[in-house]
Amino acid sequence: MSKRLSFSNLNRKLQNILDSLPEHRKGKNMIYQIRDVALGAFSVFFMQSPSFLAHQENMQLNTGHNNAASLFGLRTLPSDNQIRNLLDPLEPKHLFPMFAEVSTLLEENGELQGFRDYRDNLLIILDGTQYFSSKEIHCENCSHHTHGDETTYFHGVITPVIAAPGNSRVISLEPEFIVPQDGHEKQDCERAAAKRWLEQHGYRYASLKATLLGDDLYCNQPLCESVLEKKFNFIFVCKPDSHPELYQTVEFLNANGQVEQFSERSWKGKYADIYTYRYVNQVPLRAGAGALQVNWCELTIQRETTGKITYRNAWATQHEITPTNVKAIVRAGRTRWKVENENNNVLKTKGYHFEHNFGHGSQHLAAFLLTLNLLAFLFHTVLDLTDAKYKLLREKLRVRKTFFDDLRALTRYLYFESWEHLMDFMIAKLKLTPPPADSS
Ligand SMILES: [Zn+2]
């Protein structure tokens, strides 16, 4: 295990970042340091236990020590109310250096190699998701839509991740919050957020060599131009409805035999699917002079026996498409669904609760907590990639819920001096063979 990516080292780095959160209180009782309040919220997400802090409060009263202090470095134990009140004024951008820190450490330790795909590129998926919705509760940063006399408030965010085909893990990068803009379509708000993300973080991630993946709304000229300007590659879903000029050109070229096409049979047990690839280079992304020329490919999957089409999708890319790389480009493009499956679903349904006992706040609370939540998820992913003991335990306690149930119960009743101590205890009690000390 790389010491630099150990839980204690990551946690120390997080503490350093939280130590410099701005103090926004004036002349009040400052017993609860802002860093403890943020760290406390993080510990709740990391342990996936809404009552983690309350349990540690009890342990402190009964025994004089607690796991929030020993595992996470809290000096005082904040209440949910203090978390809500003290974090609300803080903008999530204060947490962003932690994402950069982690991706840099992963790259330096060679851990991103396993994520490199087509032409040795990292695939970075940009995708918007909604992380809060209510008909009653809202704050000054809520977006809203109105149907008749009913208004729904919501928050949207782009949660970029590094993903790879055949790899179940995803690495969370800095989120970008979708903010309401008066008179703008939802799509425009997401595109504007994507542009802000490119402005703020694009240079760093493009320097790692990366291809951006995104759905059809990313596949428009201004956004593609920003992407290219930041030296990214892209493979974006490209639908006929939103790209009439491109598809007219493809149709015209096809009629003249200039769209390449080939099919392959793929056996799925008893039946076969026919994969048909079509592609053409240098077609205009939109109508008019100055249109960006992109390369286009399409995959259709058809059941051989029935002729039924089970899948069809198409992409635009700046990678030149050849007979030898079209399958790799399509495979990379299809990785986009992973952000839904691996990231957003995990965050929404697997116990990394987006909405829970801290409430919504009136300023930035929802966004700040979401960002801490992403960091908790990222820490678990890093441990799963690099920490042999953690990996061993997750393989033994394969069901996510079992693993977290055990963490919750153990830390409620027993005191551990460190995360390492907790992992060693579990490995010993489960009678597992501990990995060699220097294993990675
Ligand atoms: Zn809100």
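What is the volume of the largest pocket? In this predicted model, the answer is about 430 Å³. The close-up views below start with that pocket and then move on to the sheet and its helices.

**View 1. The centre of the largest pocket.** The largest pocket is lined by 23 residues.

View 2. At least two lining residues come from each of β2 (128-134), β3 (143-147), β4 (150-158) and α7 (186-206). Helix α7 gives the largest share, four residues.

**View 3. The open sheet of nine strands.** Reading across this sheet, the order is β6-β5-β1-β8-β9-β13-β12-β11-β10, and the pairing is mixed. Strands β6 (171-172) and β10 (260-268) form the edges; each has a single partner strand, so one side of each has no neighbour in the sheet.

**View 4. Strands β12 and β13 side by side.** Here β12 (residues 293-303) meets β13 (residues 309-317) in an antiparallel pairing with eight bridges. To follow one of these links, look for C297, whose bridge partner in β13 is W315.

**View 5. Two helices lying across strands.** Helix α8 (residues 221-229) lies across β8 (210-214) and β9 (233-237), at about 155 degrees to β9. Helix α9 (residues 244-255) lies across β11 (271-284), β12 and β13, and runs at about 105 degrees to β11.

Note on methods: Residues are numbered from 1 along each chain as its sequence is written. This is a predicted model: local features need pLDDT of at least 70, side-chain atom pairs count only at pLDDT 80 or more; totals for chains, interfaces and linings use all residues. Side-chain values use heavy atoms; hydrogens and water are left out. Two strands pair if DSSP finds at least two bridges between them. Contact means heavy atoms within 4.5 Å. Axes are lines fitted to C-alpha atoms, for helices over the stretch in contact, and angles run from 0 to 180 degrees between N-to-C directions. On a 1 Å grid over the protein atoms alone, a cavity is a set of points where a 1.4 Å probe fits but cannot get out, and a pocket is an open set with protein on both sides within 12 Å along at least five of seven lines; lining residues have an atom within 4 Å of a point. Grid points are joined across faces, edges and corners, and a volume is the space filled by probe spheres set on the points.
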